[in-house]
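Me: I would like to go through the labels given to this structure. For each one, please set the value against the rule behind it.

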Amino acid sequence: MYITYCRNQKSVDLEDRTDYRLSLTGGDYRPTWLVRVSDWEKVPGTEAVDGYHTISYCWEQSGEVVKNETNEEYSLVDNGKHCIVEDFKLFEDSILQWEDFYNALIDIQEVDKEVGERKIRKIINPIKKRITKMKMMLHNKEEHQEDNQKNDEEKDKEDASKVASDNHEEEYLMDFKDYVLFCVPQSKTTRIRYVTYEELLQQVCKDFQVEYVWYDKVCIDQKDNKAKSKEIKQMHKIYQNGRYTIAMIPEAAVIDPKDFEHKVFATGHKAQDRLTNCVWESCWFKRSWTLEEVMMARRILIVGTNTNMFQNSLHTNDVPTTIDFLSSTLLDFGGRTEQNKGSVNQALAYAHFRTSTKPHDMIYALKNTFYHMFDGMEISYSTNIKTAFNDFYRHVVTNDLSILCFGSNLRFDGDARLKSTMDSYNLPSWTGVSGSHADSYVSTTLHSQLKYHIDDTMWMYITTKHYWKIPVKPYDHGCYSFPKTSRVENAFYAEKIDRINRDRCHKDYTNDLTTANKHAILLEWIVNINAVTGCYMTHYHQPQDGLLTQIRPLTLTEDCEECIILPILLESHTEICIQRDEKVSNFTIGRYDHDYCLPVLRECTEGTGRYKAIGVYYIGEGNKISDQPTFQWNHCIGRDDIFTDDPKKILSSLFENDDHDTLKEFIIE
């Protein structure tokens, strides 16, 4: 694929952040090699005395991907068809996507064939001229010179004959299938240059006053496997120590000037909200390497087709910013303090839905993200992929049991919310690959008598005398309900959830759950468990002879009627942001709220002692969060008299009446 970069960009930042961006410094570390932007030459990293920047991009969007049928390896060919648009006129020159453009042409034709053809000509002509110019520039020098000798009248005749042919017209248009977005100039002064990807990157760096940049294609010797392996192991240092990362995301564009006037609470206006949605849906956000790059980066400059946005982490500096998945979860993941550091579940919430050209790249990227866990683990592209995945997850679960904080990846109608890329590796249930992990920071506390280990077959052995064995029911309108919830019903309940969330934002919102019916209570729990885990409630548990307000939700990857609850407290730390200026939607973190979950097991075959990890049981929030006793963790066991947020005391209280006579061994497949 090829991309388009308009130099006259419209930033979606709420305030001009140029001075702040230029004042930033990075860390002391320097990569082995950098690119000097002024002449695009590779130079020693030590030359960048005042710091450097890093590039993050989607490989498939830097040229044409070619597959070698002999060894099934992929390579990339750059034919210099990337576009730099000079003197771009915002909201005048058209920015189009091939699919939308093509469908628009079909719609016009179907409405009125005669009128439609005239409209199509009006749209196609500037595109045709652009492609003709592009093809001329890509011809060899001799042919190019010969074309330049034609007079204007001859060119017009040639163009007219081409327009007359539907086949030629289709041929012209098909070229635009190679572009993520393309520009159709409407202004006479707008000019387009066709360049290689590196030439486009050089122009971007110059426009944003970047002097030195780390770009993998130049700074890593792709032919030297030893040097390549060494650099890959340093990727976390390279991105952590850069001043900021430039992310090339051509899907990002501003189309409607009214988006800047439409107010949105967390992001300021609809234009920035749309841009973050574009990032989420982009090719860049689906790749394994780019996940590591954004999680290691301190700050990020997103460069789209005709827009840009500068973003920093909410967690690690005092500069207020807007709220999105970049600022709240991903940015500066590797550099956070002990109080708000990242946990394994946060990375897996994104990693399990990422793709890579080689499956080993996913391990490399995740290993770098959690570099402090993997001192003794070595992998290479020659390592058996099953062995590599097993080694990775064994290291992870040994260090951080937040890997157990996952739930259902299904919506109410049973359709998957995200498409997993991990299905083919036959990984254990405790890795959470069949579900979706929570994306907030999770700390874990084990009951003092619980022990666990992983054997050579990747089974997890847990021994404890404290556990619950409880009956659960599927939610009547959930993914395991019968009859199955329809898409219309799914949309209906999704709207109900949104309405409750909106109502809760109002200071005068009250809902006395002590007098509410079961349906109303379950709706409230759907909202709560979704806010904490990002997953929908699939089941619920109501203690025998317990109150309706003691109902608690579960989010499970499999349907079941009975399950085991383990004494492992999964404590979610949710940032509560404060708006620093009423006039600007910029925020800093004011505090962290705490919510608590417990892992859930289902027995595979009765009496075998073998189980599957299938999700979490949400017991409630900390005592200090709200004035609603129903939502607090202690209410689920009928102990409203207990007030503590100490994890060990919470576990002790939860399981004080469930001390079995003998140790029970749970073998989790």
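What follows takes the pairs, bridges and bonds in turn.

Reply: This is a predicted model, in which local features need pLDDT of at least 70 and side-chain atom pairs count only at pLDDT 80 or more, while totals for chains, interfaces and linings use all residues. Residues are numbered from 1 along each chain as its sequence is written, and side-chain values use heavy atoms, with hydrogens and water left out.

Me: What makes F333 and F370 an aromatic pair, and why is the pair called edge-to-face?

Reply: Rings of Phe, Tyr and Trp (its six-membered ring) pair if their centres lie within 6.5 Å; planes under 30 degrees apart count as stacked, over 60 as edge-to-face and the rest as tilted. The whole structure has 27 aromatic pairs. In the pair of F333 and F370 the centres are 5.7 Å apart and the planes at 90°, hence edge-to-face. F333 lies in the loop between helix 13 (325-330) and helix 14 (344-351), and F370 in the loop between helix 15 (359-369) and helix 16 (385-399), 37 residues apart. Helices (H or I, at least four residues) and strands (E, at least two) are DSSP runs, numbered from the N terminus.

Me: Why is F333 called buried?

Reply: Buried means under 20% relative accessible area, exposed over 50%, partly exposed in between (1.4 Å probe, protein chains only). F333 has a relative accessible area of 5%, so F333 is buried. F370 has 3%, so F370 is buried too.

Me: Why is the pair of Y611 and F666 called edge-to-face?

Reply: The ring centres of Y611 and F666 are 5.1 Å apart and the planes stand at 70°, so the label is edge-to-face. Y611 is in strand 30 (residues 610-621) and F666 in strand 31 (residues 659-668), so the pair ties together parts 55 residues apart in sequence.

Me: How do you know that the charged end of K664 sits over the ring of F666?

Reply: A charge sits over a ring if NZ of Lys or CZ of Arg is within 6 Å of the ring centre and within 35 degrees of the ring normal. For K664 and F666 the distance to the centre is 5.7 Å. The charged end of R354 likewise sits over the ring of F285, 4.3 Å from its centre.

Me: What makes C58 and C283 a disulfide?

Reply: A disulfide is a pair of cysteine sulfur atoms within 2.5 Å, and the sulfur atoms of C58 and C283 are 2.4 Å apart. The count by this rule is 1 disulfide. C58 has 1% relative accessibility, so C58 counts as buried, whereas C283, at 24%, is partly exposed.

Me: What makes R394 and D391 a salt bridge?

Reply: A salt bridge is a side-chain nitrogen of Lys or Arg within 4 Å of a carboxyl oxygen of Asp or Glu. R394 and D391 meet at 3.3 Å, N to O. They are 3 residues apart in helix 16, so about one helical turn separates them.

Me: How do you know that R639 forms a salt bridge with D641?

Reply: The N to O distance between D641 and R639 is 3.0 Å. R639 also meets E656 in a salt bridge, at 2.8 Å. D641 is at 53% relative accessibility, so D641 counts as exposed, while R639, at 27%, is partly exposed.
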